[in-house]
Amino acid sequence: MFTKAMTDLLEAQAIELPSWAFGNSGTRFRVFTTPGTPRNPFEKISDAAKVHELTGLAPSVALHIPWDKVDSFAELKAHAEGLGVSLGTINSNTFQDEIYKFGSLTHVDKKVRQAAIDHHYECIDIMNETGSQDLKIWLADGSNYPGQVNIRARQDRLQESLQSIYSRLGKNHRLVLEYKFFEPAFYHTDVPDWGTAYVQVNQLGEKATVCLDTGHHAPGTNIEFIVAQLLRLGRLGSFDFNSRFYADDDLIVGAADPFQLFRIIFEVYRNGGFDKRSGVAFMLDQCHNIEDKIPGQIRSVLNVQEMTAKVLLVDLPALEAAEKSGDVLGANSVLMDAYNTDVRGALSDWREARGLPRDPFQAYRSSGHLDAIAKERIGGAQMGWGA
Ligand code: PSV
Ligand code: MN
């Protein structure tokens with residue numbers, strides 16, 4: 001079913017895992033715990049490495065600071081490398097400190113802005129130790145009531161703060177700005193959409209790009225259009241993949257709307273986003289509230305792989321011919337034929353040929369690993385989102 005060009009692309013596929021997906025998470029109503037949950041960043045990395053061991057798809061782990069602060073990042077890096085993975089994106093966090101109640105990089109008080117800028121400087125220092133390329137910034141900044149703030153002045157302050165951070169980046173570093181249309185602010189958000197993120201990063205320079213979190217759009221938004229546009233502009237820095245039924249649900253990628261995932265990946269493929277030179281980084285940003293975390297992450301990366309395999313089956317010359325001749329239904333059939341092809345058997349054969357389990361999800365379930373870590377990880381405090 002797959003040509004050599006297709007398996008080359010599948011083999012090169014790399015999806016970064018979020019360290020926080022392995023900690024406990026929940027809603028504002030309840031955070032449920034699970035046996036075996038990591039008690040420190042080292043155990044989170046071990047869990048991420050397990051996902052990579054079984055899937056060959058997840059060679060790096062994103063860290064969130066301060067959640068993943070350790071005494072020695074050199075030690076954490078060595079731990080990761082010993083398990084066959086590397087440390088990836090460093091995510092800053094200016095949404096859990098009292099001083100940020102009314103904003104961080106956009107705050108009206110210079111002292112608070114400077115504290116937020118300093119936090120990013122600290123993140124850049126960590127990147128130098130971990131060898132990370134990307135500094136990812138998501139801001140909770142916004143307001144709840146009309147009249148509460150001067151919206152335009154906050155855009156100016158945001159640009160000024162981002163410039164200070166940008167000027168500290170190392171030669172191989174990038175700044176990736178993530179947008180989200182609401183939450184925790186309910187009236188206005190300072191970086192609510194791809195257009196605002198683009199305007200802000202465009203003013204900074206070439207090393208600044210946009211992060212597209214698939215859960216951060218209003219219902220019905222045509223996300224694949226945004227993918228095509230940002231790739232066209234050369235500013236699609238990374239994806240935070242997850243899925244949603246309502247708001248920022250952070251569910252398993254491809255669970256809520258597999259066809260949307262297919263359409264997004266198709267635009268990535270068609271517009272050169274799988275070419276390493278495009279610089280697009282693929283990450284998950286998920287929270288496993290009620291399901292087991294390691295198999296949850298395995299399911300997610302496999303879903304991305306499966307959709308990628310389907311996208312590779314799209315007959316592009318036939319699609320282009322149909323598009324050019326105005327053959328509306330013909331063009332749509334080309335796309336749907338690929339989407340409706342069952343690639344699971346071919347992917348299993350290919351995995352087996354590479355020395356991986358045919359079905360990594362089942363392989364994990366029957367491995368007894370979950371019971372083993374539950375028995376091993378006794379005592380200490382389990383890590384959690386926001387801990
Ligand atoms: C915000 O909702 C977000 O998507 C950002 O990426 C944060 O860093 C992450 O979630 C925290 O889970
Ligand atoms: Mn995100």
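A residue counts as near a molecule if one of its heavy atoms lies within 4 Å of it. The views below show a predicted model.

**View 1. The surroundings of ligand 1.** Twelve names make up the shell around ligand 1: Trp-20, His-64, Lys-136, Trp-138, Glu-178, Lys-180, Asp-213, His-216, Asp-240, Asp-248, Asp-285 and Trp-385.

**View 2. Polar side-chain atoms beside ligand 1.** The side chain of Lys-180 places an N or O atom 2.9 Å from an oxygen atom of ligand 1. For Asp-213, a side-chain N or O atom is 3.1 Å from an oxygen atom of the ligand. A polar side-chain atom of Lys-136 lies 3.5 Å from an oxygen atom of ligand 1. Taken alone, ligand 1 exposes 310 Å², and the protein buries 96% of that area.

**View 3. The manganese site, ligand 2.** Glu-178 (OE), Asp-213 (OD), Asp-240 (OD) and Asp-285 (OD) coordinate the manganese ion at 2.1 to 2.2 Å. The ion has six donor atoms, and the angles among them run from 72 to 166°. The site is octahedral. For six octahedral donors, the ideal angles are 90 or 180 degrees.

**View 4. Donor residues along the chain.** The donor residues of the manganese ion follow the spacing E-x34-D-x26-D-x44-D. Glu-178 and Asp-285 link distant parts of the chain, 107 residues apart. Glu-178 sits in strand β6 (residues 174-178). Asp-285 sits in the loop between β10 (281-284) and α9 (293-312). Both Glu-178 and Asp-285 are buried.

**View 5. His-288 in the loop between β10 and α9.** His-288 belongs to the loop that joins β10 and α9. Its relative accessible area is 1%. Buried means under 20%, so His-288 counts as buried. The side chains of His-288 and Glu-291 are joined by a polar contact of 2.9 Å.

**View 6. Leu-57 in the loop between α2 and β2.** Leu-57 is placed in the loop between α2 (41-55) and β2 (60-64). Leu-57 is buried, because its relative accessible area is 1% and the cut-off is under 20%. Val-31 is 26 residues from Leu-57 along the chain. The C-alpha atoms of Leu-57 and Val-31 are separated by 29 Å.

Notes
Residues numbered from 1 in each chain as written. Chains lettered and ligands numbered in written order. Predicted model: local features only at pLDDT ≥ 70, side-chain atom pairs only at ≥ 80, totals over all residues. Heavy atoms only, no water. Donors = N, O, S within 2.8 Å, 3.2 Å for Na, K, Ca; no water. Tetrahedral: all angles 85-135°; square planar, octahedral: opposite > 155°, others 65-115°. Helix = DSSP H or I, 4+ residues; strand = E, 2+ residues; numbered from the N terminus. Buried < 20%, exposed > 50% of the residue type's maximum accessible area, 1.4 Å probe, protein only. Polar contact = N/O pair within 3.5 Å; in protein donor to acceptor, adjacent residues only side chain to side chain. Areas by Shrake-Rupley, 256 points an atom, 1.4 Å probe, with all protein chains shown as cover.
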